[in-house]
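Have a look at the model first.

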Amino acid sequence: MVVLAVYLSFMVCAEVAARYYVHEPILWVEELIIFVVFWFYFTGGVYATYKRSHIVGGVLHLFLKNKPRVLGSFRLASALISLGLCCLFIVLSYTLFTYSLKVDPKTIHLMLHTSYARLALLCTFPLMAFYFLIELIGSIRDLARGVYDSSASRSTF
Amino acid sequence: MLIIGLSLGLLIVLFLSGVPVAFAFALVVVLMSSILGYDLNFLLPYAFERMSSMIILSIPLFIIAGLIMERGNITRPLIDFVNSVVGRIRGGLGAAGTIADAIFGAISGSAAAAIACIGTIMIPRLVEEEGYPRGYASSLMSAAAGIALLIPPSFSMILYGWITYTSITACFLAGALPGVLLTTIFITINWVMVGRYHEVKKPPAWPGIKQASREIGRTGWRALPALFMPILILGTIYGGIATPTEAAAVAVIYAIPVGFLVYRGLTPRNFAAALIEASTNIGAIMVALFFAMILGRMLVMENVPQAIAAFMTSITENKYLLLLMVNAFLFLVGMFMDDITGMIISAPLLFPIIKEIGISPVHFAAIITTNLTMGLMTPPMAPLVFLGQMIGKTTFPDMIKTSMLFVFLGYMPVVLITTYWAPIAEWLPVLALGEKILIPAY
């Protein structure tokens, strides 16, 4: 993620520099950026799942402060829904990737196979599913114990 | 339409029950596509194409630049400089915190970053050095952090521009004057409130023009690299040198040596930590956007925005009442959602009605952003109040009364002025980019 963040920043700057100092707009740089941008976004998504930093709008903890079991049930349901959806999107992203391989679209300048940009989905959804599974197991354990760890709540930003 | 209504209701229930926003969107997408007969294999490539846009890349780059500057210790010199300018009026330190929030907004574009950076330093200073009540100091800094979303560059504006195909450069400018107005109102409220709190210290005596200008010069010199960042970002955008995305990348590259060599707050370790934190935030936003794009596409294919427009115009055709209804809707959205989720949902739904009643997309950018910024302060969600409570080490009841004071006397008048007086949003964009910027792109 660190490498991708630095890479993206430098590549966009290189585009500006090329335009003003070399007087030669380098359009292929944009292709290199777009090629990796999905990998950057979705590896960030995986890490957000691992750190439980996905954006949430939950207000239940304000009203159900003294009901750890109810809160725990909601957390379990949330992890279960997210896990199920990740599994579904693994299948869908596999279909998308195999279809892309068949059509084999390429970028204009560098002739990069854009299917490999789409591969980001297929590689990251299983990882997200894995971390949601861990969260699900944790939720079940907490629910069985009747505790609710508010520090494990997700970020609201 | 019943299925869509139920699906949107389910979406709200999922949000409220704590399902991650991204997966709440995903679940509704899956349910709607299976009921309405859409093939997700065709919708996924659409989201992929939309997200492969260079415009949307500006959000991650601004997040990275903001976090690098935050870890690079830019905040203290910035506050010292502003305090040397306004610190000698009544409530000067509170005013300095408010202005520092606005300047920080011009660097990072994020309200959460503003309260984390400025609030962490300012709240203890306001309470311990100046004697401000803790709850009030936390409320002031929380409310002022919202200004960051109005002062360009702003994440909300980038999202709005990207969703509605409006010039992001124009959207940035649309929020600037409401942001300045809000800053002025907060400084005035603080001036009045400090007069009521007798425990707050009196401002230091005026040391004379020579001493004051020497101090401003000294702190200004120290703050110059930080102050140059917004000039660099906005100068390159409005000078026609770079697009917002390119300006964000330039800001990242500028922030690295400033953090390492000038303010020396960055070390290889916390630089990497800043990039990892940025990537985590970016991932959370982008995965949510990915699914929101698919949902948005389905709603458009089902003509939902047009149906909402028709429904609202069937109630009344009066432009001012319709705008009031739009504001009421946005107020409700703000109560239950953060600014990013609120923008993703409201912008595409309300855009057709706005076009129909003759409001320019640039004006609407300011209306929606001021509303959603106010939403960050309104319970039950009120993320800025909760962050302020955490940073200020205070309690929610201790903060809520004064927070509502800033909402009703600060945010609400700005929302109403922005809604009903278009020049506050349109004047700067028209001045910089011409009249044609007010025409919708589609």
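## Across the interface

A salt bridge here is a side-chain nitrogen of Lys or Arg within 4 Å of a carboxyl oxygen of Asp or Glu. By that rule, two of them span the interface of chain A and chain B. In one salt bridge, the side chains of A:Arg118 and B:Glu49 come together at 3.1 Å, N to O.

This is a predicted model, where local features need pLDDT of at least 70, side-chain atom pairs count only at pLDDT 80 or more, and totals for chains, interfaces and linings use all residues. Residues are numbered from 1 along each chain as its sequence is written, chains are lettered from A in the order in which they are written, and side-chain values use heavy atoms, without hydrogens and water.

As for the whole interface, 57 residues of chain A touch 60 residues of chain B (contact means heavy atoms within 4.5 Å). About 5,000 Å² is buried between chain A and chain B, with 81% of that from carbon and sulfur atoms (accessible area lost on being put together, 1.4 Å probe, summed over both parts).

Most residues other than glycine have a negative phi, and most peptide bonds are trans. A:Asp104 has a positive phi, near 50 degrees, and sits in the loop between helix H4 (68–103) and helix H5 (115–145) of chain A (helices are DSSP runs of H or I, at least four residues, numbered from the N terminus).

Over in chain B, the peptide bond from B:Pro152 to B:Pro153 is cis, omega near -5 degrees. B:Pro153 belongs to the loop between helix H8 (134–145) and helix H9 (155–164) of chain B.

Conventions:
Buried area is the accessible area (1.4 Å probe) that two parts lose on being put together, summed over both. Helices (H or I, at least four residues) and strands (E, at least two) are DSSP runs, numbered from the N terminus.
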